[in-house]
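Have the structure open while you read.

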Amino acid sequence: MAKAAVHLPPVRAEIVELSTGNRISPQNFQVRVDVRARELKALGVATGDRVYLLASFRLDFLVDLFALMTLRVVVGIGDREQVNFEREAIERQIAPGFSIIDGHVRKNTVVSEPKLPPDTAFIIFTSGTSALPKAVVHTYENLAFRFESARSALGDAVMDTTISFLPLHFAHGLIGICLSSLFQSRRFLLPPDLSIASFSRASDWIDEYKVTFLSGTPATWNLLLRLSKPPQMGTLRRVQMASALATTQQFLDLRRWSGCDVWNAYGTSET
């Protein structure tokens, strides 16, 4: 007997696109997602297809992502900074029938498709710092379990308002922060990009929007602590160090900067 399809929870967060100041309610976001899903279906995108989607800190990226999830498409998340040979390696591993880059849909010729679990939602790639990027498959079932576990562990008060300073082609940034926030938080902030200018404004945004939760890698926190003054409003309830080992001094520095508890979220069960 076939297993019933696992569905993710509805989006409950208001999304604020900091590059434009635009805000969108969960209800209006769902309207845009439904419209985009119909557009993609009319272009030939169908359940079970594989689509390469280039990540960006734009609301349109999230609309495309959720529209593809509505269609139960396998989504391979791409990075704008990848060089050609990395992108070619990724496309060989995904074998996408379609590519979506900055909203533009392109149909591809597919020679063969590597086998994937039937419930695959995302294919997210390793950084490629020590070898070619490797595919990590995330199914709807393990995503649903991860989101429910995060909600139980953190609680809605801690996750009330969040912002991501991590790339959205990266599992920690996309799943651990962005999607977890959209399903649990009251408000989720999208920074314009990950430039020095954005990192320099971090504490201003934290204070202005009363951010309650942050998570980052040791490298992310090193940049934030060097470029952004400490937040002044005391709204942060928890910050996390994840995705890599950190030193005791990094934890102490982050505790002083944030003024709140710092949790070590790095471990063998992280992915």
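Which residues does Met241 touch, not counting residues up to four places away in sequence? With contact meaning heavy atoms within 4.5 Å, Met241 touches Gly216, Thr217, Pro218, Trp221, Ala246, Gln250, Phe251, Leu254, Trp263, Asn264, Ala265 and Tyr266.

A word on the ground rules. This is a predicted model, where local features need pLDDT of at least 70 and side-chain atom pairs count only at pLDDT 80 or more, while totals for chains, interfaces and linings use all residues. Residues are numbered from 1 along each chain as its sequence is written, and side-chain values use heavy atoms, with hydrogens and water left out.

Back to Met241, which is found in strand 12 (residues 238-241). Helices (H or I, at least four residues) and strands (E, at least two) are DSSP runs, numbered from the N terminus. Met241 counts as buried, at 1% relative accessibility; buried means under 20% relative accessible area, exposed over 50%, and partly exposed in between (1.4 Å probe, protein chains only).

Now for the helix pairs. Axes are lines fitted to C-alpha atoms, for helices over the stretch in contact, and angles run from 0 to 180 degrees between N-to-C directions. Angles under 35 degrees count as roughly parallel, over 145 as roughly antiparallel, 65 to 115 as roughly perpendicular and the rest as oblique.

| Helix pair | Angle | Axis separation |
|---|---|---|
| Helix 8 and helix 9 | about 45° | 11 Å |
| Helix 4 and helix 5 | roughly 75° | within 10 Å |
| Helix 2 and helix 5 | about 85° | 13 Å |

Helix 8 and helix 9 are therefore oblique to each other. On the helix 8 side the contact includes Pro218 and Trp221, and on the helix 9 side Gln250 and Leu254; these four also turn up among the residues that Met241 touches.

Helix 4 and helix 5, by contrast, come out roughly perpendicular to each other. Their contact includes Phe147 of helix 4 and Phe183 of helix 5. Helix 2 and helix 5 are roughly perpendicular too, with Phe66 of helix 2 and Phe183 of helix 5 among the residues making the contact.

Rings of Phe, Tyr and Trp (its six-membered ring) pair if their centres lie within 6.5 Å; planes under 30 degrees apart count as stacked, over 60 as edge-to-face and the rest as tilted. By this rule the count comes to five aromatic pairs. Phe29 and Phe66 have ring centres 5.4 Å apart and planes at 80°, so they are edge-to-face. This pair links distant parts of the chain, since Phe29 is in helix 1 and Phe66 in helix 2, 37 residues apart. Both Phe29 and Phe66 are buried.

Phe165 and Phe199 make a tilted pair, because their centres are 5.6 Å apart and their planes are at 35°. Phe165 is buried, with a relative accessible area of 4%, and Phe199 is buried, with a relative accessible area of 4%. Phe29, Phe66, Phe147 and Phe183 form one aromatic cluster.

Last, two arginines. The charged end of Arg72 sits over the ring of Tyr140, 3.7 Å from its centre; that wording requires NZ of Lys or CZ of Arg within 6 Å of the ring centre and within 35 degrees of the ring normal. Arg238 has its charged end over the ring of Trp263, 3.7 Å from its centre.
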